[in-house]
Amino acid sequence: LPVEQIRKQSQDVLKVLRSGGALPLEKSQLEVQAPEKPLNLILVYLESFNEIFSNNEHYPGLTPRIDALRNSLLTFDQIHSSGYVTIEGIANSQCGTLMNMEYANSSLISQRGRLSELPCLGDILKQAGYHQTYLGGAGLDFAGKGPFLREHGYNETRGWEYWEDKGYERFNDWGLADTVLFDESLERILSYREQGIPYNVTLLTLGMHVPGFVNDVCPIYTEDSDKPFVNAIHCSDFLLGQFVDQLEQQGILEDTVLFIQADHGSFITSEVMSQFGNSVADTRLLTLMSVPESVRIDPKKLGLNSAGSNLNTVATLLEVMGISHNSEFIFSRSHFQPRTDKEYFLTRRQDYFGLDRI
């Protein structure tokens, strides 16, 4: 279809959603079929991690672990952010649509904003028999993360309120240290494996919230006190690499899909711009994926290098996991579907036609 026609159709759908109109398919109409041997899912949202922070010519060696993972995992380097804030990134990537964010962080708390009847990743995995846990360091009530995830199929949601009750000390203004988050996540994963139940463990880091936070266990990239965000990137790289090592050593990735993606692009603040300049306006998201050998994928024949956004995350995950469903995701299309270099897609900030802004 012509670009203008596709854009108009997209805008029409958004108007329906924002007005509380009829959904294409409601959760009550879902039909889901899991494969005989379901794959597990570990979904890692990295706070504010732009693609341009990795393998950055101005900071050589800033992300050595991620640079190495690019050689062993599937890498998607043209995935644009569909939103500005965390709850937007989570909701858009799991529901395949742009949520109503007229009231910024608070809009998803309302019934209309949250679109409770829209089928999302968690709803489909719930019907497929998965036990689903969300682990995040910040409070669950902020921006309605907890209510949104519970309403869309998650059995357990753990935020700062839970960690405080367990006796953990607050790492920063946001909450739990990423070191503890990764440890707790691995403990849950091992427990679910021992129980023999299919699981989705979703976690969200917080170390790269502006101005950037560094754990004591992390190596320091620079002694320059004016570059805390640079050190936070280096620390997040170290902790993520350590976590992936543990998953590999435990044999977890043999039957589990690991999907790593930033929740949104970095906030364009004076502090971040002083360290990265205008490049922070490039809000492509770091996106990596590990798929078990049992899943036959030929990257050369698929759309790994095609442009898209994190709206495509839910369709991509369900296809790789072999889960059949009748959900009509509005803007989500699997990255593994054949495509051309000139396809229309939209984000919160900008519409694109291939790699070109329109």
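Analyst: A residue counts as buried when its relative accessible area is under 20%, as exposed when it is over 50%, and as partly exposed in between. The model shown here is predicted. Glu 156 has a relative accessible area of 16%, so Glu 156 is buried.

User: How many residues does the protein chain have, and what share of them counts as buried?

Analyst: The protein chain has 358 residues, and 58% of them count as buried. As for the surface, the chain exposes about 15,100 Å². Carbon and sulfur atoms supply 47% of that area.

User: How many helices and strands are there in the protein chain?

Analyst: There are 11 helices and 14 strands. Contacts in the chain can also be sorted by the separation of their residues in sequence. Among contacts with a separation of 6 or more, 74% are between residues 24 or more positions apart.

User: Which residues should I look at for backbone angles?

Analyst: Begin with phi. For Ser 48, phi is near 55°, a positive value in a residue other than glycine. Asn 55 is another residue other than glycine with positive phi, and its value is also near 55°.

User: Where is Ser 48 found, and where does Asn 55 lie?

Analyst: Ser 48 is in the loop that runs between strand 2 (40–46) and helix 2 (64–72). Asn 55 lies in the loop between strand 2 and helix 2 as well.

User: Is Ser 48 buried or exposed, and is Asn 55 buried or exposed?

Analyst: Compare each value with the cut-offs. Ser 48 has 1% relative accessibility, which is under 20%, so Ser 48 counts as buried. Asn 55 has a relative accessible area of 62%, which is over 50%, so Asn 55 is exposed.

User: Which peptide bond is cis?

Analyst: The bond from Val 210 to Pro 211 is cis, and its omega is near 15°. To find Pro 211, look in the loop between strand 7 (199–204) and helix 9 (228–249).

User: What makes a pair of side chains a salt bridge?

Analyst: A side-chain nitrogen of Lys or Arg has to be within 4 Å of a carboxyl oxygen of Asp or Glu. By this rule there are eight salt bridges. One of them joins Arg 65 and Asp 245, whose closest N and O atoms are 2.9 Å apart. This pair links distant parts of the chain, since Arg 65 is in helix 2 and Asp 245 is in helix 9, 180 residues apart. Arg 65 counts as partly exposed at 25% relative accessibility, and Asp 245 counts as partly exposed at 25%.

User: What do the side chains of Arg 188 and Glu 156 form?

Analyst: They meet in a salt bridge, at 3.5 Å from N to O. Arg 188 lies in helix 8 (residues 178–195) and Glu 156 in strand 6 (residues 156–158), so the bridge ties together parts that are 32 residues apart in sequence. Arg 188 has a relative accessible area of 11% and is buried, and Glu 156 is buried too, at 16%.

User: Which residue forms a salt bridge with Lys 166?

Analyst: Its partner is Glu 184, with the closest N and O atoms 3.2 Å apart. Lys 166 sits in the loop between helix 7 (160–165) and helix 8, while Glu 184 is in helix 8, 18 residues apart. Lys 166 counts as partly exposed at 42% relative accessibility, whereas Glu 184 counts as buried at 4%.

User: Which residues do salt bridges with shared partners join into one network?

Analyst: The network consists of Glu 156, Arg 158 and Arg 188.

Methods: Residues numbered from 1 in each chain as written. Predicted model: local features only at pLDDT ≥ 70, side-chain atom pairs only at ≥ 80, totals over all residues. Heavy atoms only, no water. Helix = DSSP H or I, 4+ residues; strand = E, 2+ residues; numbered from the N terminus. Buried < 20%, exposed > 50% of the residue type's maximum accessible area, 1.4 Å probe, protein only. Contact = heavy atoms within 4.5 Å. Areas by Shrake-Rupley, 256 points an atom, 1.4 Å probe, with all protein chains shown as cover.
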